[in-house]
Structures are given as C-alpha cells and as structure tokens.
Amino acid sequence: RKGNMSLNFCCLFGVFNECAKAQNICSGVKMKLQRFAVLFALLMSFLLSAPVLADELADRARIENEATALLLNENFSKLESTANTYRTSKSRTSSGLWHLTCFYIGISEAFNAERKFWGQHERIMEKWLAQYPKSPTAILAYSLMLSRHAWNIRGSGFSSSVTPENWKPFEELIEQARIYLEKNKIIASKDPQWYEQMIEFATIQTWSENDFEKLIIEGIDRN
C-alpha cells in the first residue's frame with residue numbers, strides 16, 4: 001500500500017511542526033507519525049544528490065508558483081484541470097512528494113497577504129465556488145484561505161509569543177475551516193488534501209488520540 005499512500009509524510013511533518021507551535025502536542029499516535037516523518041526526511045536527504053535536489057526544488061517551485069498565479073489571475077478552469085491531472089495521475093517529484101501537495105502549497109501562498117487583501121481573497125473564492133460548486137479543489141482552496149488568514153493573525157512564533165487578543169480569532173477561523181471541510185466531506189474528501197488539512201486542524205485542536213488515529217487510518221485507506 002505504500003505506493004498508493006496520498007498522505008505525504010514529509011508534508012505532514014511540516015504540519016506537525018507548525019501546529020506544535022500553536023498547542024503543546026504529545027500523544028502516542030502523533031509522536032509516532034512525527035518520528036516516522038523525521039526518519040523519512042533524513043533518508044531522502046541522503047538519497048538526493050545536489051543536482052537532483054536542485055531539480056526537485058525547481059519542480060516544486062514551478063508547480064507552486066503556477067498555482068499561485070492561476071488563482072490570483074482567476075483562471076479557474078486551468079486550476080480545475082491542473083488539480084484533476086495531478087489527482088488522477090498521482091504524479092510526484094523526484095523525492096516522492098505529490099505534485100498535488102505542491103499545487104495546494106501554491107494555493108495557500110496566494111492567500112499569504114495583509115488583512116487589507118482578505119476581501120479580495122473572499123471575492124475570488126466566491127467566484128470560483130459559484131462557477132464550480134461541486135469542485136473539491138475549490139472547496140479545499142476556501143478552507144486553505146481561512147487557515148492561512150488564521151495563521152496570519154496568530155503569527156508564526158511559538159504559543160508563548162502570541163498575544164491574547166490574537167488567540168480567539170485564530171481559533172475561530174480554524175474552527176470555521178474545519179466545519180466547512182466536514183460539511184463538504186462527500187465532495188472534498190475525494191482529494192487527499194482534505195485529509196492533510198483535517199490532520200492540521202485535528203492537531204491544532206488537540207483531538208483525542210482515538211479520533212486522530214481514526215482520521216489517519218481513514219485517509220490512508222481511502223487513498
């Protein structure tokens with residue numbers, strides 16, 4: 001089943017690192033998965049030579065930058081076709097990272113802006129969802145927008161550096177994104193990104209170990 005696992009553990013490790021700053025995470029399943037991700041990342045660092053690594057980074061940057069540009073230019077048809085291609089082909093970079101993961105990183109980066117631009121982000125997503133209401137890609141992009149806005153409010157530092165007035169809107173936006181994903185699960189969970197985002201939210205909200213494990217197993221089994 002390893003060749004079919006859509007959840008990229010290197011990417012999940014990044015999620016854990018970020019979320020650990022939000023809350024103190026320490027449960028059996030989460031720690032085991034994190035240790036696995038560390039070992040996997042170390043193995044890949046030994047396997048990739050410098051030229052291969054350069055090609056790897058260029059490949060990732062190309063996909064991410066393209067996704068960011070397509071979103072900001074409101075080229076929704078191209079966003080849909082690109083995501084569908086990555087989703088069905090399950091194409092990967094030379095290190096094994098899914099192209100689909102890079103695509104969504106680019107989508108997230110499009111929302112990495114000051115609050116004065118958030119209204120523009122909302123309008124873009126309203127247009128996309130209006131044109132493609134049954135699109136898993138559009139639904140996941142909307143959740144990414146909420147998540148990115150939440151992290152922009154909170155900041156990237158450790159929890160001790162977050163001001164009290166920033167905790168509430170951060171937690172509210174994360175909860176809003178989680179509810180939105182769960183409401184649209186039938187459509188959006190056809191894309192493995194649904195599980196990556198839900199794992200991030202589960203980590204931030206410190207789900208029980210049992211619920212967290214169920215989510216992980218479901219994601220692996222379905223993808």
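Visitor: Which residues does Arg178 touch, not counting residues up to four places away in sequence?
Guide: Keep in mind that this is a predicted model. Arg178 sits in helix H8, which covers residues 164–183. Leaving out residues up to four places away in sequence, its contacts are Met198, Phe201, Gln205 and Trp207.

Visitor: Is Arg178 buried or exposed?
Guide: The cut-off for buried is under 20% relative accessible area. Arg178 has a relative accessible area of 14%. So Arg178 counts as buried.

Visitor: What side chain does the side chain of Arg178 make a polar contact with?
Guide: A polar contact here needs a pair of N or O atoms within 3.5 Å. The side chain of Arg178 has such a contact at 2.7 Å. The partner is the side chain of Glu182.

Visitor: Let's step back. How many helices and strands are there in the protein?
Guide: Reading along the sequence, you get the pattern α-α-α-α-α-α-α-α-α-α-α. The count is 11 helices and 0 strands.

Visitor: What share of the residues in the protein is buried?
Guide: The protein has 223 residues. Buried ones make up 49%.

Visitor: And among contacts between residues at least 6 apart in sequence, how many join residues at least 24 apart?
Guide: Take the contacts in the protein between residues at least 6 apart in sequence. The share of them joining residues at least 24 apart is 70%.

Visitor: What does helix H4 reach from its first C-alpha to its last?
Guide: H4 spans residues 76–89, giving it 14 residues. At 1.5 Å a residue, the expected figure is 20 Å. The model comes close to that, with a reach of 20 Å.

Visitor: Which residues of H4 are buried?
Guide: Residues three or four places apart on an α-helix point the same way, because there are 3.6 residues a turn. For H4, the buried residues are Phe76, Leu79, Glu80, Thr82, Ala83, Tyr86 and Arg87.

Visitor: Which residues of H5 do the H4 residues meet?
Guide: On the H4 side, look at Leu79, Thr82, Ala83, Tyr86 and Arg87. Across from them in H5 are His99, Leu100, Phe103, Tyr104 and Ile107.

Visitor: Are H4 and H5 roughly parallel or roughly antiparallel?
Guide: Their axes come within 8 Å and cross at roughly 150°. The crossing is left-handed. Angles over 145 degrees count as roughly antiparallel. That makes H4 and H5 roughly antiparallel.

Visitor: Which residue with a positive phi follows H4?
Guide: The phi there is near 55°. The residue is Lys90.

Visitor: Where does Glu74 lie?
Guide: Glu74 has a positive phi of about 60° although it is not a glycine. At 31% relative accessibility, Glu74 is partly exposed. Its place is the loop between helix H3 (50–72) and H4.

Visitor: What relative accessible area does Thr206 have?
Guide: Thr206 lies in the loop between H10 and H11. Its phi is positive, about 50°, although Thr206 is not a glycine. Thr206 counts as partly exposed, with a relative accessible area of 42%.

Visitor: Are H10 and H11 roughly parallel or roughly antiparallel?
Guide: H10 (residues 193–204) and H11 (residues 209–222) have axes that come within 10 Å and cross at roughly 170°. Residues that meet include Trp194 and Met198 in H10, and Phe212 and Leu215 in H11. By the angle, H10 and H11 are therefore roughly antiparallel.

Notes. Residues are numbered from 1 along each chain as its sequence is written. This is a predicted model: local features need pLDDT of at least 70, side-chain atom pairs count only at pLDDT 80 or more; totals for chains, interfaces and linings use all residues. Side-chain values use heavy atoms; hydrogens and water are left out. Helices (H or I, at least four residues) and strands (E, at least two) are DSSP runs, numbered from the N terminus. The expected span of a helix is 1.5 Å times one less than its number of residues. Buried means under 20% relative accessible area, exposed over 50%, partly exposed in between (1.4 Å probe, protein chains only). A polar contact is a pair of N or O atoms within 3.5 Å; within protein, one must be able to donate a hydrogen and the other to accept it, and residues adjacent in sequence count only if both atoms are side-chain atoms. Contact means heavy atoms within 4.5 Å. Axes are lines fitted to C-alpha atoms, for helices over the stretch in contact, and angles run from 0 to 180 degrees between N-to-C directions. Angles under 35 degrees count as roughly parallel, over 145 as roughly antiparallel, 65 to 115 as roughly perpendicular and the rest as oblique. A crossing is left-handed if the near helix is turned anticlockwise from the far one by less than a right angle, and right-handed if clockwise.
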